[in-house]
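Please examine the structure shown below.

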Amino acid sequence: MSTSTTASVSTHILDTSVGRPAAGVAVRLAARPGRDAAWQALGGSATDADGRCRDLPALPEGTAQVRLDFAVEAYFENVVNQQADAQQDAPANRDSGAAGVFFPEVAITFAVVPGEHYHVPLLLNPFGYSVYRGS
């Protein structure tokens with residue numbers, strides 16, 4: 001929870017290719033006090049069955065920028081490719097790179113101010129993604 005001296009962050013992932021939450025995606029959180037400072041790893045979590053990370057670590061006082069790293073490669077290999085195998089001419093198998101996953105990781109960096117809560121949803125599919133500041 002944010003306080004007057006810190007911000008707070010939450011996130012969730014929706015797999016738009018199947019219209020469902022993306023469960024089991026590892027999410028790492030890092031913070032820094034400014035653009036020239038080094039990133040401080042704060043820890044992480046994984047998305048639950050509803051695609052939400054409910055237990056991300058708190059941000060330290062003085063945080064000005066935050067980075068969320070979503071490890072989506074394992075999700076696509078374990079979940080989406082299994083579903084795509086059942087489809088004829090499955091795009092996940094036909095058009096992916098040599099490793100089979102086009103985006104193995106999604107890194108989102110954003111600015112924060114103390115006292116604010118930042119909910120950052122990730123809309124994900126095998127060939128693209130988008131993010132926004134949610135509520």
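**Salt bridges and a buried serine**

Asp 69 has a relative accessibility of 6% and therefore counts as buried, the cut-off being under 20%. The model under discussion is a predicted one. The partner of Asp 69 is Arg 67: the two form a salt bridge in which the closest N and O atoms are 3.0 Å apart. Arg 67, at 23% relative accessibility, is partly exposed, whereas Asp 69 is buried.

Side chains of opposite charge can pair when their charged atoms come close. In this model, the count of salt bridges comes to 7. Among them is the pair of Glu 105 and Arg 28, whose closest N and O atoms lie 3.8 Å apart. This pair links distant parts of the chain, since Glu 105 belongs to the loop between α2 (91-94) and β7 (106-111), Arg 28 belongs to strand β3 (residues 26-32), and 77 residues separate the two. Glu 105 has a relative accessibility of 42% and so counts as partly exposed. Arg 28 is likewise partly exposed, with a relative accessible area of 41%.

Another salt bridge brings together the side chains of Glu 116 and Arg 133, at 3.2 Å from N to O. Because Glu 116 lies in the loop between β7 and β8 (117-125) and Arg 133 in the segment after β9 (128-131), the pair ties together parts that are 17 residues apart in sequence. Glu 116 is partly exposed, with a relative accessible area of 33%. Arg 133 is partly exposed as well, at 48% relative accessibility.

Ser 10 is part of strand β1, which spans residues 8-15. The side chain of Ser 10 makes a polar contact of 2.8 Å with the side chain of His 117. A polar contact of 2.6 Å joins the Ser 10 side chain to that of His 119.

Technical notes: Residues numbered from 1 in each chain as written. Predicted model: local features only at pLDDT ≥ 70, side-chain atom pairs only at ≥ 80, totals over all residues. Heavy atoms only, no water. Helix = DSSP H or I, 4+ residues; strand = E, 2+ residues; numbered from the N terminus. Polar contact = N/O pair within 3.5 Å; in protein donor to acceptor, adjacent residues only side chain to side chain. Salt bridge = Lys/Arg side-chain N within 4 Å of Asp/Glu carboxyl O. Buried < 20%, exposed > 50% of the residue type's maximum accessible area, 1.4 Å probe, protein only.
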